[in-house]
Amino acid sequence: MLVPSLKVQDLIEEIRGAKTQAQEREVIQKECAHIRASFRDGDPLHRHRQLAKLLYVHMLGYPAHFGQMECLKLIASPRFTDKRVGYLGAMLLLDERQDAHLLITNSIKNDLSQGTQAVQGLALCTLSTMGSAEMCRDLATEVEKLLLQPSPYVRKKAVLTAVHMIRKVPELSTIFLPPCAQLLHERHHGILLGTITLIMELCERSPAALKHFRKVVPQLVQILRTLLTTGYSTEHSISGVSDPFLQVQILRLLRILGRNHEESSETMNDLLAQVATNTDTSRNAGNAVLFETVLTILDIRSAAGLRVLAVNILGRFLLNSDKNIRYVALTSLLRLVQSDHSAVQRHRPTVVECLQEPDTSLSRRALELSLALVNSSNVRAMTQELQGFLQSCPTDLRADCASGILLAAERYAPTKRWHIDTILRVLTTAGAHVRDDAVANLTQLIGGAQELHAYSVRRLYCALAEDISQQPLVQVAAWCIGEYGDLLLEGSCEEIEPLQVEEEEVLALLERVLQSHMSLPATRGYALTALMKLSTRLRGDNNRIRQVVSIYGSCLDVELQQRAVEYDTLFRKYDHMRAAILEKMPLVERGGPQVDEEAKESKEEARLLEAAPVPTEPQASKLLDLLDLLDGPSEDAQHPRPLDPSPGGALVHLLDLPCAPPPAAPIPNLKVFEREGLQLSLSFVRPPETPALLLITVTATNTSGGDVTHFICQAAVPKSFQLQLQAPSGDTVPAQGGLPMTQLLRILNPNKAPLRLKLRLTYTHFGQSVQEIFEVNNLPVETWQ
Amino acid sequence: MQFMLLFSRQGKLRLQKWYVPLSDKEKKKITRELVQTVLARKPKMCSFLEWRDLKIVYKRYASLYFCCAIEDQDNELITLEIIHRYVELLDKYFGSVCELDIIFNFEKAYFILDEFLLGGEVQETSKKNVLKAIEQADLLQEVLRRQKVAGPF
């Protein structure tokens with residue numbers, strides 16, 4: 001029975017003619033049945049056509065696994081047409097996970113050694129697309145032989161196949177390294193390109209290979225120079241740039257070879273300058289080469305002038321009308337902003353303009369970059385720009401923008417009032433998107449700025465009166481009104497227009513907040529407590545307040561109910577204590593996880609107001625010395641801050657489990673000190689739920705014959721960090737590998753600044769007292785990034 | 001390059017070249033998600049986006065999207081040139097190529113790609129050489145076909 005099978009194109013036509021998905025499925029199922037039958041009957045003449053049809057339906061998403069064996073048969077056939085489709089089928093249907101894939105190894109071997117050039121090409125292509133590690137091991141020598149084949153067509157494919165083989169089986173590097181020297185002399189662009197790719201792979205996998213290939217840097221420089229000076233070549237030029245593919249690849253290899261190596265970097269300096277200044281930038285091809293050049297300049301040990309040139313090129317890219325170019329510029333500048341900060345600063349105005357980009361992937365990068373560029377001298381201007389952006393930016397960027405502004409404000413605020421104003425503006429514009437600790441931060445800030453209490457409470461009152469929907473704002477405002485309600489009613493404050501507020505208005509506003517369906521339970525809590533506090537701040541009688549408090553005694557929300565009942569009791573049975581309990585709060589210590597101070601504060605205050613702050617750090621003064629060493633005169637050292645955790649803080653310690661840091665991605669330990677058998681090593685943990693927190697455990701071990709006694713370890717970190725040393729496990733490190741001494745350091749790094757750590761050790765060993773001060777080098781970036 | 005996908009405005013796959021080993025299921029999932037993501041982009045947006053841990057470079061030519069997934073250290077701008085070069089090759093071969101050419105001659109589209117890229121890297125930077133290789137292979141197939149037809153019955 002010989003039913004002529006459909007030609008491939010006819011099948012495609014029929015499938016496309018189907019009007020519904022169901023119809024299409026029917027056509028395909030029918031055809032697949034024929035194809036299966038044909039495979040079973042073993043029709044060698046039409047096999048290639050049947051497989052081609054199968055490959056088409058496979059692309060549409062239909063199963064085609066029954067064609068796998070047919071690929072094998074076609075590859076083994078002597079006919080070129082068969083092989084072509086067979087190899088294509090192998091690349092599409094066979095992969096490492098199926099055992100069948102190994103069966104083509106033999107065919108490939110035969111084709112590589114005995115096939116015509118075209119056939120060798122097919123085999124190499126397939127091998128480099130889907131060749132598994134075992135196949136690569138088996139066929140490595142065949143491919144190596146082909147590197148010497150006279151035909152450039154085959155050689156170029158063999159070189160790239162070698163690249164794939166090394167990726168799969170790095171040990172094969174030993175086979176493919178030696179031919180590289182010879183291959184670099186090739187004039188054929190394809191072979192040269194493949195060779196450079198091969199050398200890159202070798203260097204990335206083996207430091208020995210990297211060292212070996214550094215000696216070809218002059219040769220690479222020469223090749224690139226020749227490319228640049230060659231005139232227009234129809235064959236290889238794109239938009240007036242000679243073979244940009246090859247240029248880019250050479251530049252990449254130069255980057256790898258020049259990294260951390262002065263000599264190589266110097267050899268390429270002139271060339272890089274030449275490429276940077278002479279490449280035509282009117283079209284994408286030229287810009288692609290220029291971009292690669294910039295990346296190379298910035299990654300190697302280039303001359304300072306060249307670096308500035310590179311950053312300026314990126315700055316020019318920012319002004320390019322092509323948004324793709326602007327995108328790569330923003331991405332690259334972001335990577336540079338830490339290391340070449342002042343160079344990038346020069347382009348700040350352009351970066352800020354990029355905030356207006358309609359494409360969110362660009363504006364997001366512009367935002368990140370802008371935030372990274374804020375410093376103490378431009379903070380006012382930048383915040384202004386960023387606030388403007390916050391008002392109109394797309395929703396997915398709001399949270400980042402808001403927290404970025406708040407963070408920048410915290411670091412660089414020129415005055416407290418400006419700081420409060422800024423936070424206020426952010427809360428009003430994007431209150432729903434700020435992080436949870438913004439409320440605590442603002443209350444702490446206001447609390448600490450006594451001279452601004454009147455100003456703050458007035459501004460917050462006005463903001464609240466306008467809008468009670470933004471929860472963080474409402475919470476801060478409620479707290480403030482509660483604390484400083486008396487100042488609100490006083491009437492005069494130089495900083496803003498006079499505002500006449502009546503007691504009844506204040507109470508009415510807080511009641512509105514309490515009753516509003518927009519208010520979260522936490523917000524209601526703030527409002528209720530604020531009302532309660534006002535009972536001592538306001539002059540009128542407290543009937544209204546008492547009424548509200550007693551109503552909420554039967555509120556469904558348990559938290560609110562509890563407060564209301566307690567406050568009610570305060571009115572009825574403990575009225576004589578009310579004033580003392582509701583006094584103004586002391587400054588809350590910042591640092592550590594923020595706790596909702598409200599609920600606990602009002603009850604704890606009475607007890608703790610008497611306790612004078614007791615410093616837990618007896619070595620406070622010596623710590624300041626270390627801080628000096630690290631950062632020069634530090635503002636924090638003079639600021640009168642109680643080191644003792646205050647009411648909120650004590651609870652933080654109770655809630656903490658100081659000796660059991662939660663598991664996080666392991667950061668490698670670091671050995672930092674060794675002297676006569678005493679070793680100090682650091683282990684790091686970053687709890688996933690508090691990314692700004694770093695826990696360092698200092699472990700001291702002693703392998704010497706004598707005990708180490710009176711051991712004290714102190715630490716210092718840069719100004720923007722907060723450090724807490726907990727008590728050590730002991731002050732003796734016993735000899736002969738006895739029980740090590742450990743001490744926990746808690747470091748808060750809200751700005752994700754690079755970590756620096758200085759340690760000071762004093763101890764007695766072998767009858768001598770020792771003092772060591774040193775900075776810890778090689779801190780892994782995972783500790784602060 | 002990790003993979004290249006060609007798909008229509010309706011999300012129908014026209015070519016898929018994978019340079020990393022993945023199961024059929026994974027390939028389908030990636031294709032589905034990526035196609036959706038790219039089709040959701042507005043016309044004025046840039047050609048680059050970050051997706052999972054890869055960089056995606058895409059460009060639309062008439063009714064077809066050409067989409068490449070490259071690694072972190074790869075140069076996005078040169079990838080645009082790679083895509084453009086492939087389109088030029090198709091255009092030269094088919095004479096003013098359109099989507100239908102690629103649908104009905106999908107094997108040829110693969111063969112051309114395989115003469116331009118190998119293992120995810122550029123193997124030949126001369127347009128002339130790529131087209132010559134395809135011509136010669138086509139000729140070989142044609143010769144064989146004629147032999148078959150003229151053979152004894």
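## Basis of the values

In this predicted model, local features need pLDDT of at least 70 and side-chain atom pairs count only at pLDDT 80 or more, while totals for chains, interfaces and linings use all residues. Residues are numbered from 1 along each chain as its sequence is written, chains are lettered from A and ligands numbered from 1 in the order in which they are written, and side-chain values use heavy atoms, without hydrogens and water.

## Helix H1 of chain A

Helices (DSSP runs of H or I, at least four residues) and strands (runs of E, at least two) are numbered from the N terminus. Helix H1 of chain A covers residues 8-17, and A:Val8, A:Leu11, A:Ile12 and A:Ile15 in this helix are buried. Buried means under 20% relative accessible area, exposed over 50%, and partly exposed in between, with a 1.4 Å probe and protein chains only. Down the axis of H1(A), the buried residues fall within an arc of 100°, so they line one face of the helix. The arc is taken from the directions from the helix axis to the C-beta atoms.

The cover over these buried residues comes from both chains: it includes H2 (21-41) and H3 (47-59) of chain A, together with H3 (99-104) and H4 (106-116) of chain B. Here contact means heavy atoms within 4.5 Å.

## Helices H15 and H17 of chain A

The axes of H15 (residues 244-258) and H17 (residues 284-299), both in chain A, come within 9 Å and cross at roughly 5°. This makes H15(A) roughly parallel to H17(A). Angles under 35 degrees count as roughly parallel, over 145 as roughly antiparallel, 65 to 115 as roughly perpendicular and the rest as oblique. Axes are lines fitted to C-alpha atoms, for helices over the stretch in contact, and angles run from 0 to 180 degrees between N-to-C directions.

## Cysteines

A disulfide is a pair of cysteine sulfur atoms within 2.5 Å, and the count over all chains is zero. For A:Cys125, the nearest cysteine sulfur is that of A:Cys136, 14 Å away. A:Cys125 is buried, with a relative accessible area of 4%.

The sulfur of A:Cys393 is 5.2 Å from its closest cysteine sulfur, in A:Cys401, which is too far for a bond. A:Cys393 is also buried, at 6% relative accessibility.

## Chain B as a whole

Chain B has five helices and seven strands, in the order β-β-α-β-β-β-α-α-α-β-β-α along the sequence. Its C-alpha trace spans about 60 × 30 × 30 Å along the principal axes. Of the 153 residues of chain B, 60% count as buried.
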